[in-house]
Amino acid sequence: MRAYLFRRLLTLLPLVVLVTFAVFMMEHLLPIDPVKLMINNEQGGELAPVVDAKVSQQEYLTVKHELGLDKPLLVQYGVFLYNAAHGNLGVSFSTRRTVANMIEKNAPATAELAVAGLFIAIVIGITLGVVAALRPNSWVDAAAMGFAVFGLSIPAFWLGIMLLLFFAVDLGWVPVLSTPGLVGLILPAFTLGVRAAAVLARLTRSSMIEVLGLDYVRTARAKGLRGSVVVIRHALKNSLIPVVTVVGLQFGGLLSGAVIIESVFGRPGLGSMTVTAILGNDFPLVQGAVLVISLSYLVVNFLVDLTYPLLDPRIRMGA
Amino acid sequence: MSTAPAPVPMPQAGEIAAPPETYLHELARRLFRQPAAVIGVIFLALVIVPAIFAPIVAPYDPLAQGLGAPFTPPTLQHLFGTDQFGRDVLSRVIYGGRLSLSIGIIAVAIGLVGGLVLGFAAGFAGGWADEGVMRFVDFMLAFPGILLAIAVVIMLGPSLGNLMIAVGVGGIPGFARLIRGSVLAAKEEEFVHAAQALGASSLKVMARHILPNILAPIVVLITVSLADAILAGTGLSYLGLGAKPPTPEWGLMLSDGRDYMQVAWWVSTFPGIAITLAVVGINILGDAMRNAIDPRLRGRV
């Protein structure tokens, strides 16, 4: 187990370095000169994509020096990492608040949405997958897999609008703009979870069908164990390993899905904050949000990797 | 390696295409024996055919305003109603298909070309090239889905062309990984060794001997990617990071529809149905292709 943990950490660290470096480089790859961007912002000018602030050469160099942009790239990267590790991600152009503060304020709503979406995805997905696998090629199977194909194909933003049309505009059960609390969470979480549910349903089904045909399942049945015990204790547990992997991958999909879903439902969160920041050229905020979202994705995938040994003794034994 | 490939008919220049062709024929036959494949094609045709023949099929100019009163509900004159400027929603959905589908197709082409270059470099050359490419793939996969596309859009600036690049770049790692794996397996086949022994250049071996034999899984991934690319492209346009008004584009139309949904359900409903039809069609077709290519998977995945 310790060796396994160590190996996973070894693959995680270079990725963290690469991802942070890429986010850091965004500033240098922008079509805008960061120095002019900053001067323009300080002068309170419009944050147009083309910045044309009138500055003297002297002033330009001073600001460039203040921003540390005259130092070698690797030094700048080091400073960026140091600051990020200390929660210093700069100041938002549009709100004049620190980026860290804005992320802190918006992150809980997104985490709540993603976790609720994942929960819905797991419940619907695994249930449908198991039900379909128990009676392959029946109408139950066809219905479950039909749902899965639609779940994979419906654009989440459209599904969200349709649900709002029905439940908010026609029935008036929920407000058109998402409200805090559980009621306001249901529709966005369902919208967000449908795609992941579809992926999990298909995967659980194929994994279950494979496991149900194995010898030890036949043995368990031959021992006279009840059907539900065989299905849950013997078959389901062993068919979950590929499913858990995909749950981890889906979490990334949920995080990026939240970007769109939050905008559809008018929910506060990292996603809607990022979109607003992009459209308003609020560059420090975008950079901070991309950094936080991609790092949390890496961490979640790392944690998912750590659950394998719990499910598969072969990994636990270090095989 | 040193044994001469005697029993194999000596390949003549330009005349080796026969075996893959019969294989593709058989695949096509297995594909369209499945009702799902036919349904998929019908769904797709419902959106693609009108898009191709848009100038003939569309009842109105998609940009013309004031064709009816703003927010006219669906009537015989305007089957899908009109939007906030009195534009014909049906015509806009038909023309929108041209753009939304092209964005998907071009994005997948970008992902495919990038994936072919990286995948062949990694799988065929091996060694440090393989190591480098695979680390790069891991790195790109470290960004969750749409975030990678968003980052590219930010760096290049929001426009239609950049949207295609952004979505396309996101598809590169998937193609690269699949192609690398297939190339690794295929390059140990005897016919590849035979071609190399006959002195064929690396480029020729890759293009004429390996590529045709790994085509099947690539085609499946192309369909899956196309579905995802259409969703990503319309999604980014919905967020305002792609097509700009007044361009008829499905994602953009949905974004208008979201604003007016309390007064006009039809503005958001019909573009969404179009996207769903296209993507469901592609996904069903992709599943059927997978079954046709790998009969062992039939009835399982």
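Student: How do the residues of the lining of the second largest pocket divide by class?
Tutor: Into 15 nonpolar, nine polar and four charged residues. Bear in mind that this is a predicted model.

Student: What volume does that pocket have?
Tutor: The second largest pocket comes to about 730 Å³.

Student: And how many residues line it, and which lie nearest its centre?
Tutor: The lining has 28 residues. Nearest the centre are A:Glu27, A:Met38, A:Leu67, A:Asn83 and A:Gly90.

Student: Which helices each supply at least two residues of that lining?
Tutor: In chain A, α1 (2–29), α2 (34–42), α4 (73–85) and α12 (283–311) each do.

Student: OK, switching to the interface. How many residues of chain A are in contact with chain B?
Tutor: On the chain A side there are 48, in contact with 40 residues of chain B.

Student: What area is buried there?
Tutor: About 3900 Å² is buried between chain A and chain B, and carbon and sulfur atoms give 76% of that.

Student: How many residue pairs are in polar contact across it?
Tutor: The count between the two chains is six, with both residues at pLDDT 80 or more.

Student: Which elements of chain A give two or more residues to the side that touches chain B?
Tutor: They are α1, α6 (139–153), α7 (156–170), α8 (182–212), α10 (227–265), α11 (270–279) and α12 of chain A. By class, that side of chain A has 36 nonpolar, eight polar and four charged residues.

Student: How many salt bridges are there between the chains?
Tutor: Two between chain A and chain B. Over all chains, a search of the whole structure finds 12.

Student: Which residue does B:Asp287 form a salt bridge with?
Tutor: The partner is A:Arg202, with the closest N and O atoms 2.8 Å apart. This pair crosses between chains: B:Asp287 sits in helix α12 (residues 265–293) of chain B, and A:Arg202 in helix α8 of chain A.

Student: What about cavities, how many of 30 Å³ or more?
Tutor: The structure holds two. The second largest cavity has a volume of about 50 Å³.

Student: Which residues line that second largest cavity?
Tutor: Its lining is made of B:Asp83, B:Gln84, B:Arg87, B:Val89, B:Arg92, B:Met253, B:Asp256 and B:Val267. Two or more of the lining residues come from each of α4 (89–125) and α11 (250–259) of chain B.

Methods
Residues numbered from 1 in each chain as written. Chains lettered and ligands numbered in written order. Predicted model: local features only at pLDDT ≥ 70, side-chain atom pairs only at ≥ 80, totals over all residues. Heavy atoms only, no water. 1 Å grid on protein atoms, 1.4 Å probe; cavity = no way out; pocket = protein on both sides within 12 Å on 5 of 7 lines; lining within 4 Å. Points joined across faces, edges and corners; volume = space filled by probe spheres on them. Helix = DSSP H or I, 4+ residues; strand = E, 2+ residues; numbered from the N terminus. Nonpolar A, V, L, I, M, F, W, Y, C, P; charged D, E, K, R; others polar. Contact = heavy atoms within 4.5 Å. Buried area = accessible area lost by both parts, 1.4 Å probe. Salt bridge = Lys/Arg side-chain N within 4 Å of Asp/Glu carboxyl O. Polar contact = N/O pair within 3.5 Å; in protein donor to acceptor, adjacent residues only side chain to side chain.
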